[in-house]
Amino acid sequence: MNRLKKILDRKSFSKEDIITMLSLTSDHDIDLICKKANAVLLDHIGSGIYLRGLIEFSNICSCDCYYCGLRKSNKDFERYILKKNDIIAIAINAAKKGFASIVLQSGEIQNEKFTEFVADCVNKIKQITKSDSLPDGLGITLCCGEQSNDVYAKWFDAGAHRYLLRIESSDRKLFEKFHPPGQSYRSRYECLKSLKSIGYQTGTGVIIGLPGQTVDHLTEDIIFFRDMDIDMLGMGPYIHHNNTPLSDYKALWEKNRNDTFLMSMKMIAVSRIVLKDVNIAATTALDAIEVNGRELGVSFGANVLMPLLTPENHRAGYKLYEGKTIIDNIAEDTATFAQKMHEKFERIVIFDKWGDAPHYFNNKIGR
Ligand code: 5AD
């Protein structure tokens with residue numbers, strides 16, 4: 001225990017320190033890292049929780065990731081792409097409700113029509129949502145997979161200023177285990193580099209609890225986030241989906257469920273302790289594996305929430321994993337959540353502010 005206290009007093013952390021923190025099991029020790037994560041959060045960012053309204057505007061995907069329900073080989077459900085006007089209307093409505101940022105998320109589609117479609121949506125949303133409280137319009141994060149440098153640049157010029165692209169696992173072998181040969185680790189890595197050089201606030205993340213993943217892998221993931229100088233993190237537990245090549249892992253997944261959830265909490269806390277001034281999301285997947293999962297994620301040092309704004313008739317169609325469509329009334333859910341966060345943890349949900357990661361500005365010199 002003294003050893004842990006010594007580690008927590010450090011400003012920078014070795015690989016061994018990170019392994020030690022991620023390997024903790026006793027309630028007492030986990031409470032210590034949770035407290036430390038909160039102290040670091042307060043020091044570097046503050047106690048606010050920022051919102052990004054999540055619009056899953058298309059489930060069409062050209063990838064075939066072995067864990068994902070939206071993989072192209074899954075022919076079991078209907079594919080959709082929302083109409084441009086509908087996406088813009090949802091965004092306007094989000095701004096009216098007090099959201100200052102949105103995420104436009106889709107499967108990976110690489111063609112000119114899609115590129116133009118996204119650019120136009122971003123452009124229009126930026127223009128229409130300018131107001132006294134949001135002089136630069138809604139903050140827009142894109143999450144549309146791997147694209148060429150030119151496409152990323154076009155979307156940036158259209159007004160998107162953040163991009164999320166999960167590395168899924170920073171270990172090349174583990175990455176290859178869960179992706180078909182056409183999807184390469186190198187290409188994902190190059191995309192992240194490209195996003196950063198264009199000037200996006202860049203987010204990445206990993207899936208926690210993939211079969212065969214070890215504490216060593218997760219430790220390397222945190223070191224990867226640090227070395228890549230990442231601004232935002234979205235990590236979540238692996239959740240079983242019946243219609244994927246990983247369906248045989250269902251029993252193992254069930255068995256490890258609690259451990260996976262606990263590891264997700266530790267990943268949030270330790271990432272906060274090591275990376276300090278980045279934004280960390282409490283992802284929806286946390287709620288699919290544990291009641292109040294996102295709430296616990298926030299209590300372990302996350303500072304971003306992504307309430308779902310996808311129209312109700314399409315929510316079931318965006319099924320990355322089983323048990324995802326649990327949050328129905330988002331407006332109510334967000335208000336209740338905000339109240340709960342305040343009462344329980346003295347954390348305030350912040351409306352009307354973009355809530356960019358300080359890390360991006362702190363590290364701007366030398367980029
Ligand atoms: N369990 C957890 N996360 C998943 N994702 C896709 N499928 C699953 C799953 N079965 C995550 C991936 C992807 C993000 C949009 O959803 O990390 O990047």
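**Close-up views of a predicted model**

**Figure 1. Arginine 10 is partly exposed, at 36% relative accessibility.** Here buried means under 20% relative accessible area, exposed means over 50%, and partly exposed lies in between (1.4 Å probe, protein chains only). The model is predicted: local features need pLDDT of at least 70, side-chain atom pairs count only at pLDDT 80 or more, and totals for chains, interfaces and linings use all residues. Residues are numbered from 1 along each chain as its sequence is written, and side-chain values use heavy atoms, with hydrogens and water left out. Arginine 10 forms a salt bridge with aspartate 17, at 2.7 Å from N to O. A salt bridge is a side-chain nitrogen of Lys or Arg within 4 Å of a carboxyl oxygen of Asp or Glu. Aspartate 17 is buried, with a relative accessible area of 6%. By this rule the count comes to 17 salt bridges. Side chains of opposite charge can pair when their charged atoms come close.

Figure 2. Helices (H or I, at least four residues) and strands (E, at least two) are DSSP runs, numbered from the N terminus. Glutamate 254 is partly exposed at 41% relative accessible area. Arginine 257 is partly exposed at 22%.

**Figure 3. Further salt bridges involve lysine 319 and a network around Lys15.** Lysine 319 pairs with glutamate 322, with the closest N and O atoms 3.2 Å apart. Lysine 319 is partly exposed, at 33% relative accessibility. The network links Lys15, Asp216 and Glu220.

**Figure 4. Aspartate 221 is buried and has no salt bridge.** Its place is in helix H9, residues 215-227. The nearest side chain of opposite charge belongs to lysine 15, 11 Å away. For charge, Lys and Arg count as positive and Asp and Glu as negative; His and the chain ends are not counted. What joins the side chain of aspartate 221 to that of serine 170? A polar contact of 2.5 Å does. A polar contact is a pair of N or O atoms within 3.5 Å; within protein, one must be able to donate a hydrogen and the other to accept it, and residues adjacent in sequence count only if both atoms are side-chain atoms. Beyond four places away in sequence, aspartate 221 touches Ser169, Ser170, Asp171, Val206, Gln213 and Met267. Contact means heavy atoms within 4.5 Å.

**Figure 5. Serine 169 is buried, with a relative accessible area of 1%.** Serine 169 lies in the loop between strand E5 (162-164) and helix H7 (172-177). Its side chain reaches the backbone nitrogen of aspartate 171 at 3.1 Å. Among the residues that serine 169 touches, beyond four places away in sequence, are Leu174, Phe175, Tyr185 and Asp221.

Figure 6. The ligand is surrounded by Tyr67, Cys68, Gln105, Arg166, Glu168, Ile207, Pro237, Tyr238, Ile239, Leu320 and Tyr321. A residue is near a molecule or strand if one of its heavy atoms lies within 4 Å of it. Taken alone, the ligand exposes 410 Å², and the protein buries 88% of that. Accessible areas come from the Shrake-Rupley method with a 1.4 Å probe; for residues, only the protein chains shown count as cover.

**Figure 7. Isoleucine 239 is buried, at 3% relative accessibility.** Isoleucine 239 is found in the loop between strand E8 (232-237) and H10. Its C-alpha atom is separated by 7.5 Å from that of alanine 285, 46 residues apart along the chain. Contacts of isoleucine 239, leaving out residues up to four places away in sequence, include Trp253, Ala285, Ala288 and Tyr321.

**Figure 8. Lysine 276 and aspartate 352 have positive phi values.** Phi of lysine 276 is near 65°, in a residue other than glycine. Lysine 276 is in the loop between H10 and strand E9 (279-282), and is buried at 17% relative accessible area. Phi of aspartate 352 is also near 65°. Aspartate 352 lies in the loop between strand E11 (349-350) and helix H15 (358-362). Is aspartate 352 buried or partly exposed? At 38% relative accessibility, aspartate 352 counts as partly exposed.
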